[in-house]
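Open the model in your viewer and keep the sequence panel beside it.

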Amino acid sequence: MSATRASIDLDDSDGLIGADRDGLLHAAAMSGAQVRATAAAVEEGALEMVRTGQRPRSFIWVAGRGAAESAGAILAAVLGGSAGEPIVVASEVPPWIGPLDVLVVAGDDAADPVLVSAAATGVRRGARVVIAAPYQGPLREATAGRVAVLEPRLWVRDEFGLCRYLAVGLATLQAVETGALSIPTDLALLADELDAEALRNSAAREVFTNAAKSLADRMTGRTVVLAGDNAATLALARHLSIVLLRVAHQSTAATGLADALVALRDGMGAQNSSGSSNFDALFHDEELDGPLSQQPRVLALTLAAERPQVGARIAGVADLDLVGTEDVPDGSGTVTPAVDAGRPEQQLAVLAVRLEMAAVYIRLARG
């Protein structure tokens, strides 16, 4: 029997849903629900243990891998300049941790020795510890009764868990911050925005009105590079490259925008089948020279505040698209600023949902 599967048109909603045997579309649309569940846990008092009224010396985020690690990098990049204490992202607990510090242990495996060791060390040293992982097994045995717990209330695959980890970090920072530098993040509003983004990208909506399908269409059959121009968008690009690999089975590079621009201007991908880049496409003959390869498509993830500057830098560069929360198809094949950009962390979360759903559509379109 042939292993080849028929492809599915992105506008064929019934075909896409029928191909979704693993429930990927539902999982990718669960970010809002995950954030709302985290907000509910906070309202129920899950973080009361860390609300001492004393500003910590440092905020330490320990995560071994995956979406938890990406969330820590994004939080540090977005809030590092406004938080009242340094935000430290580490793969294991630092040796100097003590009673003046707040430690968040984030991951998806309660038996991960790195997470268990970090949580146990934080408790032993007197730090305020928050568990953002399944609270069971070795993790529970090492810390029972001595930590604040924000474990996941809704299970999803780890690649779709970024927004939950962001919500945990935002809620914990708000709980331990005091004075004028407090971070007024409304998790309920964030959850609503993520739900709205998932709805805008639902399978029933056609490509020309669906930002996720539009991105999937632009990425299909092309070599793709995700680029970021600051630490936050670069961290998001790296997370999304992992999602595209794990979900869409598509290898995608993640790099700084400056590096992508240099490569494009140097003719990245502009070569014939023999590997030579010294030719003029105007005189290219496929029978003699072989098929003309396409340049990689670069998607530059952009925050609203930096969009004018980034747009000026990429002017005249082909195969490079800006991707921001405002870019919503208007039905005519173009994108327009159709939604309010919001705070930087909100923009990054919305972009995460959009490209995670795009990865799912790439996978499902293969049949």
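**Stop 1: the open sheet**

Select isoleucine 131 and valine 149: isoleucine 131 stands opposite valine 149, which lies in S5. A note before moving on: this is a predicted model, where local features need pLDDT of at least 70 and side-chain atom pairs count only at pLDDT 80 or more, while totals for chains, interfaces and linings use all residues. Residues are numbered from 1 along each chain as its sequence is written, and side-chain values use heavy atoms, with hydrogens and water left out.

Strands here are DSSP runs of E, at least two residues, and helices are runs of H or I, at least four residues; both are numbered from the N terminus. Now extend the selection to strand S4 (residues 128-132) and S5. The two run parallel, joined by 2 bridges. Two strands pair if DSSP finds at least two bridges between them.

Show the whole sheet next. It is open, has 5 strands in the order S2-S1-S3-S4-S5, and its pairing is parallel. Its edge strands are S2 (87-90) and S5 (148-149), each pairing on one side only.

**Stop 2: strand S6**

Select residues 224-228, strand S6.

S8 (residues 297-301) runs parallel to S6, with 5 bridges. Leucine 226 stands opposite leucine 299 there. S7 (residues 253-256) also runs parallel to S6, with 4 bridges. Valine 225 stands opposite alanine 253 in S7.

S6, H10 and S7 make a right-handed β-α-β unit. Right-handed here means that, with the strands pointing away from the viewer, the path from the first strand over the helix to the second runs clockwise.

**Stop 3: helix H7**

Select residues 162-176, helix H7. Its 15 residues reach 22 Å from first C-alpha to last, close to the 21 Å expected at 1.5 Å a residue (1.5 Å times one less than the number of residues). 14 of the 15 residues are buried, so H7 is largely enclosed by the rest of the structure.

Note on methods. Buried < 20%, exposed > 50% of the residue type's maximum accessible area, 1.4 Å probe, protein only.
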